[in-house]
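I opened my notebook for a new structure today. Here is what I looked up, in the order I looked.

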Amino acid sequence: MTGSRVVAVGHYQPERVLTNAELATMVDTSDEWIRSRVGIETRRIAAEDETVDAMAAQAAAKALANAGLAPTDIDYLVVATCTAIDRSPNMAARVAARLGMTTPAAIDVNTACSGFTHGLATADHAIRAGAATRALVIGAEKLTDFTDWTDRSTCVLVGDGAGAVVLVAADEPEVGPVTWGSVPEMSNAVRIEGRPGTFGQEGQAVFRWATTELPRIARQVCERSGVAPEDLGGVVLHQANLRIIEPLAARLGAVNAVVARDVVESGNTSAASIPIALSKLVERREIAAGAPVLLFGFGGGLSYAGLVIRCP
Ligand SMILES: CC(C)(COP(=O)(O)OP(=O)(O)OC[C@H]1O[C@@H](n2cnc3c(N)ncnc32)[C@H](O)[C@@H]1OP(=O)(O)O)[C@@H](O)C(=O)NCCC(=O)NCCS
């Protein structure tokens with residue numbers, strides 16, 4: 001086997017929907033401000049007992065069912081999250097226990113909003129190296145645990161949920177190669193700091209970086225995959241802001257791609273945003289099976305990781 005391919009996806013979101021109108025009763029904001037600056041209309045809020053690992057396990061179970069695989073078939077499990085509360089056991093171990101897996105390598109990745117694509121790359125690498133055959137990669141977050149609900153500049157942005165993909169060894173590589181990196185001098189621009197920790201960011205600095213630097217990196221991801229941007233069937237960028245997503249997709253030249261806009265209904269779910277958005281597009285069959293799809297995560301670190309997959 002020389003590579004891996006994504007065979008199935010799944011996602012889970014809490015039932016509770018928080019609207020902009022409700023937020024406007026909590027802080028000094030408005031539906032108009034939030035829609036025009038970020039594009040968000042609603043977000044999902046987890047209940048007390050909907051923990052990161054509970055949501056991750058729900059998403060994973062759906063992805064496994066869609067793949068026709070059992071939890072015991074998985075030998076490499078990655079959970080990308082920046083909202084774990086406990087240091088140990090890690091989220092991957094908890095998810096493995098919830099699902100009744102047997103002996104998977106169980107690893108957490110924390111690169112904030114680029115965590116899912118970092119995790120996907122490491123799973124692909126493990127398969128390419130012969131260290132794994134069937135992998136589960138999950139992005140799961142409960143950002144609302146780390147949100148200051150009196151701070152209008154952050155509380156309107158966040159949401160909770162999880163998404164998962166199943167990856168198997170394949171003769172023809174359908175995942176990657178990854179293009180990844182970081183900007184250490186801007187490491188403090190997105191933060192969950194303190195105890196228990198509160199989300200904060202230099203919004204304008206991150207916005208500038210995302211809109212000026214990322215189009216070039218997104219083109220590199222396509223070049224390294226041998227896919228011309230106009231041949232992409234889908235573009236799934238980290239869902240932070242529609243005012244980043246739409247110009248980035250346009251500057252990339254992805255003129256024929258379905259561009260994920262799940263931020264509108266889900267808000268920013270950090271590492272969960274890409275697999276949730278991808279899973280919805282696949283579920284609705286908006287992207288043809290086999291079409292190349294750009295997945296591109298970016299955020300805290302500042303970090304980024306992008307790779308092209310074939311749509312399951
Ligand atoms: C966060 C973000 C939406 C904020 O939008 P912005 O246009 O930069 O807004 P600013 O923070 O400059 O604030 C502009 C004004 O709106 C106000 N404001 C902030 N939040 C508000 C809210 N929810 N409702 C109403 N007004 C608000 C500010 O107080 C400020 O007022 P002032 O001009 O009187 O001082 C935007 O910067 C962004 O998306 N950044 C990138 C985030 C990202 O991609 N992160 C990646 C990792 S998660």
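My entries follow, starting with the ground rules and ending with some backbone details.

**Ground rules.** I am working with a predicted model, where local features need pLDDT of at least 70, side-chain atom pairs count only at pLDDT 80 or more, and totals for chains, interfaces and linings use all residues. I number residues from 1 along each chain as its sequence is written.

**The two domains.** I began with how the chain is divided: domain 1 covers 3-170 and domain 2 covers 179-310. Such bounds come from an automatic or database domain assignment. The C-alpha centres of the two domains lie 15 Å apart. Their contact takes 44 residues from domain 1 and 45 residues from domain 2; I call two residues in contact if their C-beta atoms, placed from the backbone, lie within 7 Å. On the side of domain 1 that touches domain 2, the elements giving two or more residues include β1 (3-12), α5 (115-128) and β7 (160-170). Helices (H or I, at least four residues) and strands (E, at least two) are DSSP runs, numbered from the N terminus. I also sorted the residues on that side of domain 1 by class: 19 are nonpolar, 18 polar and seven charged. For this, Ala, Val, Leu, Ile, Met, Phe, Trp, Tyr, Cys and Pro count as nonpolar, Asp, Glu, Lys and Arg as charged, and the others, Gly among them, as polar.

**The core.** Which residues have the most contacts inside the largest nonpolar core? I found A56, A60, A63, V95, V137, I138 and L294, in a core of 110 residues. A nonpolar core here is a set of buried Ala, Val, Leu, Ile, Met, Phe, Trp, Tyr and Cys residues joined through C-beta atoms within 7 Å. Helix α3 gives the largest share of this core, nine residues.

I then picked A60 and listed its contacts, leaving aside neighbours within four places in sequence: G10, V95, L99, L136, I138 and A164.

I checked UniProt next, where an unreviewed entry lists C113, H238 and N268 under "active site". They are spread over 156 residues of sequence, yet they cluster in space, with a largest C-alpha distance of 8.9 Å. UniProt positions are given in the numbering used here, feature names are shortened, and annotations may be inferred rather than shown by experiment.

Is C113 buried or exposed? C113 counts as buried because 30 other C-beta atoms lie within 10 Å. I located C113 in the loop between β5 and α5. Not counting residues up to four places away in sequence, C113 touches H238, A240 and S273, among others.

H238 sits in the loop between β11 (234-237) and α9 (242-252). H238 is buried too, because it has 33 C-beta neighbours inside 10 Å.

**Around the ligand.** How many residues surround the ligand? I noted 21, and the closest are T29, G203, A240, N241 and G299; a residue is near a molecule if its C-beta atom, placed from the backbone, lies within 6 Å of it. Helix α7 gives the largest share of this shell, five residues. By class, the shell has 11 nonpolar, eight polar and two charged residues. Domain 1 and domain 2 each give at least three residues to the shell.

**Backbone details.** I found a cis peptide bond from S88 to P89, with omega near 0°. Another cis bond joins R195 and P196.

A112 has a phi near 50°, a positive value in a residue other than glycine, and A112 is buried because 27 other C-beta atoms lie within 10 Å. R285 also has a positive phi, about 55°, but R285 is exposed because it has 9 other C-beta atoms within 10 Å.

Terms used. A residue is buried if 20 or more other C-beta atoms lie within 10 Å of its own, exposed if 12 or fewer, and partly exposed in between; C-beta atoms are placed from the backbone.
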